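Here are my notes on the model, as numbered points. Please read them with the structure open.

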Amino acid sequence: MKGLQAGRTGLEGAHAAGRLVSPVRAKPTRPQVRRVYAALLDHYGPQQWWPTASEDPEAQRFEICLGAILTQNTSWTGAAAALANLRGAGATTPEAILALPHDVLAGLVRPSGHFNVKARKLQAFCEAVMFEAGGSLDALLEGDAAEVRARLLEIWGIGPETADAITLYAARKPTFVVDAYAYRLFERLGIPPGPRRYDVYREFLLSVIGPDVWALNEWHALIVRHGQQTCRRSAPRCEACPLARRCDFARATAAVA
Ligand code: SF4
């Protein structure tokens with residue numbers, strides 16, 4: 001506890017001295033961004049996302065969509081427990097989910113938090129599959145990445161991060177999934193592509209990485225792994241980080257410790 005408090009004091013000092021994120025910065029260069037990716041891939045290895053329990057490709061895609069909604073504002077552990085409950089109840093298709101009374105569905109997804117809202121979001125997504133895409137998830141995910149993303153964003157309860165997760169991992173079309181781990185990483189490194197706005201990060205990283213679905217998949221998965229395991233919100237493990245040598249945050253906190 002004492003050590004953590006001392007760390008916070010050091011960080012506050014670093015922020016006050018303007019050593020972390022300068023308000024005006026050039027965008028990071030392609031080589032800088034690629035070095036971050038290479039270091040993370042070398043350190044953690046390929047992540048091979050998205051984790052699913054289903055074997056059948058169509059069932060996998062549907063499970064990814066459900067998981068992307070259930071993991072909103074919560075850990076993957078909670079979302080995975082909710083998915084297990086749905087599987088246990090046989091609610092693994094849009095028809096089966098829509099056949100459940102709302103309170104039963106809400107009870108099944110309770111481990112994912114905000115369970116009443118999450119149940120309504122799952123129902124809205126399943127209604128889109130059934131009534132706007134003729135009962136075919138593949139039809140909902142048909143078209144290029146921009147078309148799929150725009151279609152998903154029209155569904156109640158689906159915001160940019162969820163739409164991008166479904167577009168990338170279920171539809172396997174090129175887009176970048178921005179999340180809190182990405183903001184934290186690039187800001188701490190001292191190479192934010194601009195202000196902390198979803199589209200600023202997404203468009204910049206997509207322009208640097210390009211339309212390679214495998215690389216886009218790995219990028220997001222590696223950032224999540226790094227944010228959970230090493231670059232944690234409180235008490236980041238900079239001493240074990242493959243990016244420490246190129247990180248403003250690590251340099252600043254070491255300098256004021
Ligand atoms: S050195 Fe520390 S702050 Fe920087 S990226 Fe690594 S864990 Fe995060």
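What is the volume of the largest pocket? About 600 Å³. The points below start with the ground rules and then return to this pocket.

1. **Ground rules.** This is a predicted model, in which local features need pLDDT of at least 70, side-chain atom pairs count only at pLDDT 80 or more, and totals for chains, interfaces and linings use all residues. Residues are numbered from 1 along each chain as its sequence is written, and side-chain values use heavy atoms, with hydrogens and water left out.

2. **Overall fold.** The protein chain has 14 helices and zero strands. Helices (H or I, at least four residues) and strands (E, at least two) are DSSP runs, numbered from the N terminus. Of the 257 residues in the protein chain, 46% are buried. Buried means under 20% relative accessible area, exposed means over 50%, and partly exposed lies in between (1.4 Å probe, protein chains only).

3. **The largest pocket.** A pocket is found on a 1 Å grid over the protein atoms alone, as an open set of points with protein on both sides within 12 Å along at least five of seven lines; a cavity is a set of points where a 1.4 Å probe fits but cannot get out, and lining residues have an atom within 4 Å of a point. Grid points are joined across faces, edges and corners, and a volume is the space filled by probe spheres set on the points. The largest pocket has 21 lining residues. Thr71, Thr74, Glu161, Asp179 and Tyr181 lie nearest its centre. Helix 10 (160-170), helix 11 (180-189) and helix 13 (213-229) each give two or more residues to this lining. By class, the lining has ten nonpolar, eight polar and three charged residues. Here Ala, Val, Leu, Ile, Met, Phe, Trp, Tyr, Cys and Pro count as nonpolar, Asp, Glu, Lys and Arg as charged, and the others, Gly among them, as polar.

4. **The cavity.** How many cavities of 30 Å³ or more does a search of the whole structure find? It finds one. The largest cavity has a volume of about 100 Å³. Its lining comprises 15 residues, with His226, Cys231, Cys238, Cys241 and Cys247 nearest the centre. Helix 11 and helix 14 each give two or more residues to that lining. Helix 11 gives the most, with three. The lining divides into eleven nonpolar, two polar and two charged residues.

5. **The ligand.** The ligand takes up the space of the largest cavity. A molecule sits in a cavity or pocket if more than half of its atoms lie within 2 Å of its grid points. Residues around the ligand include Leu185, Arg188, His226, Thr230 and Phe249. Cys231, Cys238, Cys241 and Cys247 are also among them. The criterion is a heavy atom within 4 Å of the molecule. Helix 11 and helix 14 (248-256) each give two or more residues to this shell. By class, the shell has eight nonpolar, two polar and one charged residues.

6. **Helix 11.** Seven of the ten residues in helix 11 are buried. Among them are Leu185 and Arg188. Both also belong to the shell around the ligand. Gly190 follows helix 11 and has a positive phi, near 90°.

7. **Backbone points to check.** The peptide bond from Trp49 to Trp50 is cis, with omega near 5°. Trp50 sits in the loop between helix 2 (30-44) and helix 3 (57-70). Gln48 is in the loop between helix 2 and helix 3. Gln48 is not a glycine, yet has a positive phi of about 55°. Gln48 counts as exposed because its relative accessibility is 55%. Asn73, also not a glycine, has a positive phi of about 55°. Asn73 is found in the loop between helix 3 and helix 4 (76-88). Its relative accessible area is 71%, so Asn73 is exposed.

8. **Ser112.** Is Ser112 buried or exposed? Ser112 is buried, because its relative accessible area is 1%. Ser112 lies in the loop between helix 6 (102-108) and helix 7 (115-132). Its side chain reaches the backbone oxygen of Val109 at 2.7 Å.

9. **Asp199.** Asp199 belongs to helix 12 (residues 198-209). Asp199 counts as partly exposed because its relative accessibility is 40%. Asp199 and Pro160 are 39 residues apart along the chain, and their C-alpha atoms are separated by 8.7 Å.

Methods
A polar contact is a pair of N or O atoms within 3.5 Å; within protein, one must be able to donate a hydrogen and the other to accept it, and residues adjacent in sequence count only if both atoms are side-chain atoms.
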